[in-house]
Amino acid sequence: MTFINPAILFGLLAVGLPVIIHLLTKPRLKRMYWAASRFLLKSVQKNRRRVQFEDILLLVLRCLLVLLLVILFARPAFLTDAAGLQLGGEASTVVILLDNSMSMGQSDGTQTRFDQAKAMADGILSKLGTGSSGALYLVADGVKPVIPKPTQDLTVLRRSLAQASLSDRSTDLYPGLKQAVDLLKASAAAHREIFLLTDSQESAWRELTRIRQLQDENAKDITMHFVIIGEKGEDNLAVSGLQMIGTVAAVNQPLRCAVQVTNWSRTAVEKIPVKLAIDGDAPQDQAMIDKIDPGASRVVNLFVRFRDPGYHSITASIPGDRLPADNQRSIALLVLEQIRTLVVEGTTNPDPSARDGFFLRHALIPVRPDQVDQYPIKVTLGQPAELDNSTIDQYQLVFLSNVAQLTPLGAQNLQRYVNGGGALIIFPGPTTDISYYNTNPNLSALLPAQLGASRDAPAAQKFLSWQSHDYTHPITTLWNDPASGTLGSVRVSKYFPLQTKPGDAAARIVVKYADGEPAVMEQSVGKGKVILFSSTATTAWTTFPIHPSFVPLLLRISRRAVREANSISRRDNRLPSRSIPPMRARSFPCCARATKNGGSRARLSLASTPPCCAMPTRNWPGLISFSWVTILSPRWFLPWHPIRRNQSWRRNPRRTSIP
């Protein structure tokens with residue numbers, strides 16, 4: 001037996017209230033000597049035991065009443081024991097829902113929960129009467145019909161059950177129960193039953209109200225059995241987060257990564273080694289976490305360094321436990337040899353420190369002068385006319401600082417650059433023509449917000465401040481940790497209000513002013529990204545360029561923009577193939593092969609125009625290696641991998657790892 005609302009069981013503490021009330025209200029008798037009382041002594045002694053018994057009985061009844069109310073509100077549920085199931089030998093139609101979520105891989109030391117569930121499901125099938133039929137569904141956060149319609153061939157059902165495999169997904173039981181109910185409603189069998197075998201994770205019951213409603217509506221015709229596996233739970237330590245903290249990943253540059261480890265056990269865990277490796281090689285860095293309390297998380301910072309450009313993987317790992325699926329976590333990233341950056345200045349000034357790109361250049365290259373040549377970010381300062389050249393595609397980042405207007409060709413090139421995967425960061429300034437930015441068809445399509453007329457900070461305040469807490473955007477979440485400082489001390493004396501466009505759901509606020517107005521906004525456009533600031537990149541209107549957060553925030557913005565612009569999209573499971581004639585592409589018998597860590601493989605086929613390799617499954621989390629495989633002449637099909645946004649392709653190593 002279990003309880004649907006176990007938290008209410010804390011109300012059992014109220015059982016002691018009647019006892020406390022009884023003791024507090026117990027009469028305190030004052031002894032008085034009265035001559036006539038001797039005639040009542042025998043009567044009192046005779047009734048004393050009866051009165052005490054009645055008091056105790058009343059006290060027990062009151063306690064039982066409180067106990068009964070608590071249990072009723074906790075909603076006890078009697079679970080089916082599959083091992084002792086008795087179906088009476090009658091023909092039945094059953095649907096077995098087998099939870100194959102990641103947590104079912106938890107082991108008790110001898111057997112995983114998933115293996116236990118399969119054994120119980122096999123026991124259910126062995127107890128079915130002659131003429132019975134069954135269906136099998138695997139349920140996680142989706143439903144996979146293995147035997148979609150009831151079959152009387154239980155041998156096939158058992159074989160499919162034995163071949164069922166775990167997934168790496170979370171759990172949501174309602175969709176599976178709903179499909180099973182709909183299936184059994186169409187059956188004419190006298191006995192229709194659903195057997196759900198699950199480890200009953202909290203997320204599995206996210207739609208508990210609808211599950212109850214489904215059960216109540218079909219209680220007369222369909223019987224539901226909930227078989228809980230591993231009810232007591234097991235200790236578990238997991239790598240719950242892996243995030244790049246440093247700047248853009250570049251060759252021969254240290255990259256800082258934050259690894260989060262969470263203790264889901266019931267006791268504290270001490271001395272946990274955490275390792276960080278790239279491309280499955282030996283760990284490059286490691287650290288020791290002294291202690292993690294139950295339910296708590298700890299973060300350690302580790303460093304890696306890449307020797308070669310291209311796509312690489314980073315894997316954080318901890319020692320194995322009884323749930324191996326979450327003992328490591330991986331991310332994929334593009335390592336660049338150089339990050340070419342163009343800073344377009346709106347004005348010229350003979351004094352280098354007064355130029356519009358002075359602070360940007362030094363923030364993007366935060367090293368000593370003798371180390372500039374070795375630093376991966378290369379900054380070029382230019383004028384708006386620089387955007388008229390087609391060579392803009394050679395830059396991974398483009399900054400506009402205090403630029404008034406662009407030529408028509410420059411605006412067109414900039415829009416093409418962003419749509420093709422470029423990253424654009426805009427700092428307006430005193431010379432910025434907001435009417436041009438808001439009305440130019442090329443620029444206005446790129447902006448995440450419209451620029452309002454420049455505005456001074458309120459006279460009473462003298463300046464505006466950025467928000468000091470509750471950062472939600474990935475770029476600024478670092479400052480939720482007080483140890484990282486605060487953005488709240490950034491001061492702005494003048495700014496352009498960022499007016500969000502109606503119905504534009506793609507725009508996001510990176511950071512706000514203290515009064516809630518957007519200070520920095522972001523938007524994805526095509527394959528690229530645009531980030532718009534509301535004030536200057538110089539100290540004319542704001543203290544941001546001389547604030548301690550200027551360098552880390554600018555580098556985080558650059559890393560995010562470059563990483564996403566050069567990443568391979570996973571949204572539709574399609575990976576671009578090399579640029580080849582569509583007619584010949586459709587005639588290829590094989591395009592590529594995907595291999596998941598651990599050896600599982602899937603064959604990819606060409607689809608669409610231009611040709612793409614379509615992944616046949618979305619059930620592979622983690623790192624997947626893609627390699628080209630063909631029997632045709634290498635003149636048409638060689639190991640290639642996509643480079644930047646200009647739609648050209650180049651030869652490279654045979655394997656490319658992406659998330």
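**Close-up 1. The hairpin of strands E25 and E26 in the predicted model.** In this predicted model, strand E25, which covers residues 508-512, is joined by four bridges to strand E26, residues 518-525, and the two run antiparallel. Lys512 has Pro518 of E26 standing opposite. Five residues lie between the strands of this hairpin, where Gly516 takes a positive phi near 100 degrees.

**Close-up 2. An open sheet of five strands with mixed pairing.** The strands follow one another in the order E5-E4-E3-E6-E7, and from one strand to the next the twist averages 15 degrees. Strands of a sheet pair through backbone hydrogen bonds, in either a parallel or an antiparallel manner. Strand E5 (143-151) and strand E7 (222-228) stand at the edges with a single partner strand each, so one side of each is left without a neighbour in the sheet.

**Close-up 3. The parallel pairing of strands E6 and E7.** Strand E6, made up of residues 192-198, is joined to E7 by seven bridges, and the two strands run parallel. Within this pairing, Leu197 has Val227 in E7 as its bridge partner. Strand E7 is one of the strands at the edges of the sheet, with a single partner strand.

**Close-up 4. A nonpolar patch on the surface.** The patch is formed by Leu12, Phe53, Ile56, Leu57, Val60, Leu61, Leu64, Leu67 and Ile71, which together have about 780 Å² of accessible area. One of these residues, Leu61, lies in helix H2, which spans residues 41-74.

Key
Residues are numbered from 1 along each chain as its sequence is written. This is a predicted model: local features need pLDDT of at least 70, side-chain atom pairs count only at pLDDT 80 or more; totals for chains, interfaces and linings use all residues. Side-chain values use heavy atoms; hydrogens and water are left out. Two strands pair if DSSP finds at least two bridges between them. Axes are lines fitted to C-alpha atoms, for helices over the stretch in contact, and angles run from 0 to 180 degrees between N-to-C directions. Patches are made of residues with over 30% relative accessible area and no salt bridge: like charges are joined within 9 Å, nonpolar side chains (Val, Leu, Ile, Met, Phe, Trp, Tyr) within 5 Å. Accessible areas come from the Shrake-Rupley method with a 1.4 Å probe; for residues, only the protein chains shown count as cover. A salt bridge is a side-chain nitrogen of Lys or Arg within 4 Å of a carboxyl oxygen of Asp or Glu.
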